[in-house]
Amino acid sequence: MKQIALYGKGGIGKSTTSANLSAALSEQGLDVLQIGCDPKRDSTRMLMKGRLIPTVMDLVRERGDDRSLTLEDVVFRGYHGVRCVEAGGPEPGVGCAGRGIIATFQILERLGALRADVVVYDVLGDVVCGGFAMPMREGYAEEVYLVTSGELMSLYAANNICKAISRLSSRARSRCRLGGVICNAKNLPREEDLVAEFAGRIGSSMIQFIPRDQVVQSAELNKKTVVEFAPSSDQAAVYRQLARKIMENRRLDVPVPLEIEELEALAYGYSE
Amino acid sequence: MATPNDDGCTLTGALSVTTEVARCVTIIHGPAGCAHHNFSLLHALHASRDFAVPPPVLSTDMTEKEVIFGGEQMLEEAIFRAVEKGPDLVCVLSTCVAAVIGDDVGAVCRVPSLVPVVHVPTAGFLGGGFLAGHIQALISLSRFAGRCEQVPSVNLIGEKTLEYEVEEHYREVVRLLTLLGAPVNVRFVCGATLDGIRRLGRASLNILRDPSMRPVGDHLYRELGIPYIDSFPLGLEGTLRFLERAGRHLSIDPSAAVAAEEALQKEMIGTFAPLRRKRVTFSTAPKAPTTEYASRFGYELAEMLELEVREGGKPVPLPDPFPVGTSGIRRLLHRWRRKCHA
């Protein structure tokens, strides 16, 4: 079983990338489980024809107790048999979403839900607290993929997540490593080179460059992944390539986060 | 690193205040355990003071579900249930968990209600310990008091409600004030009522239990314009000076009271003649700050009784807190006499 987690700045395209990756993996004949770890709960929407599935936390809230939950209550089958789970969480501005992620993982463990050829964890933008580092902990994702564009703020977030990975990977028995950097392009000049250099500087590599393409928008408006909506498009081919590379990837690194000045100088060097 | 001796929890300190107020329901917003271990302590101490009925304390019984989704709604429900019991007052004490997840306890308490609802912020992890909770609760409750015409009288501020000799200390202060002809207006907070707290402003002098209560004394001075003396009387000389200071504040000539008390002290010391010239050593709890302060009073007594204080003497206790007034010293000397078999 392979467990991977996608982290990156909010709005960078983690959910789009995760959903397309899961779709492409399933087309390889793999049993895929995608777990959305964000109270916004829209990670798996494109795999579910636009449906917002009930979240684990919704069910806990409604029933007042998680003991009665079953696998069927929380796991939903989407495109090409990809199984989808949304952790969910509290309403914005109240409670503790991080604790919600921890509780969700405990429930999924108890239900024996975390079994598949590939488990894809799609995690909220920044690792703001221990709860959102849960997917990196022992027994869960062993490979983290950072999703970033060439924008400074996006690289900054990716660099911060490296801090969490390197901290967690220093623990005894921890097997969490950085699998690579995925560039989800914003169409900036020399963006591919910048992200590739960033990946190299933190001691990793850019595993995939995903160009910006209008078809992503079109697919989303049609409530589908690109892989489902435009299976013969170039963009779908890119996601399939990403899926293959991740399955073949043997390079796992403990990243070395950059100092802020170093990161700014790097981005500045590509700005002309 | 802190040891269990150092500080305790702000929650316990605040609870020692709010549970003293008559017809006040205290809600602890947090997991049941926070309420339970504090309540057990109170219950045991109250039982030892022969209080048959434990004070009304409710817990919101926060669980993981409320941690994740927020606990404000359950707090609203708990306040509703508390108000239904028809108390004069509801106090809401917060806990670590409520503060970590960011429940806005203050805002929930500000929702208009049939009885006043007071929020006392008591998340222990924010630091401060028992004393900070004690102070915070007194300051929070003092909001019911307003400025009014003062009459020559005294408020007793910050008595340590969990102290064993709290009533003995109180009676001694009353005895001394009676020598001056000054009445007690309100005890804040031993056995207080909401009406009593509202009348705090009538006193012309606040007497603090000990100097740790200065933040409360300062607050009441700012809000109500009442000056304070920062400690109950300690030691023989200290008790006489206390009468003088209190008299000055109350515009009462203390000379008759001081003379009477001095005579009483002489007579009292006389009854301990069998202790004279004994060889003793002071035994104190192993807490450094106490030793110095209590030993001052210890040496005062040693001088009076011509005791020889040195290693190898009979160990005699110097308790913390030091007993209040002349009566306190009489009780202490009884203990010393037993220790010396005199």
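Analyst: Two strands pair if DSSP finds at least two bridges between them. Strands (E, at least two residues) and helices (H or I, at least four) are DSSP runs, numbered from the N terminus. This is a predicted model, in which local features need pLDDT of at least 70, side-chain atom pairs count only at pLDDT 80 or more, and totals for chains, interfaces and linings use all residues. Residues are numbered from 1 along each chain as its sequence is written, while chains are lettered from A and ligands numbered from 1 in the order in which they are written.

In chain A, eight strands form an open sheet with mixed pairing, in the order β3-β4-β2-β5-β1-β6-β7-β8. The edges are β3 (76-77) and β8 (206-210) of chain A; each has a single partner strand, so one side of each is left without a neighbour in the sheet. The partner of β3(A) is β4(A) (residues 83-86), and two bridges join them in the antiparallel sense. Here A:Phe76 stands opposite A:Cys84 in β4(A).

Helix α5(A) lies across β1 (2-8), β6 (143-148) and β7 (177-184) of chain A, at about 165° to β6(A). Angles run from 0 to 180 degrees between N-to-C directions, and axes are lines fitted to C-alpha atoms, for helices over the stretch in contact. Residues are in contact if their C-beta atoms, placed from the backbone, lie within 7 Å. Helix α6 (residues 191-201) of chain A also packs on the sheet; α6 touches β6, β7 and β8 of chain A, and its direction makes about 170° with that of β7(A).

Definitions and conventions
Contact = placed C-beta atoms within 7 Å.
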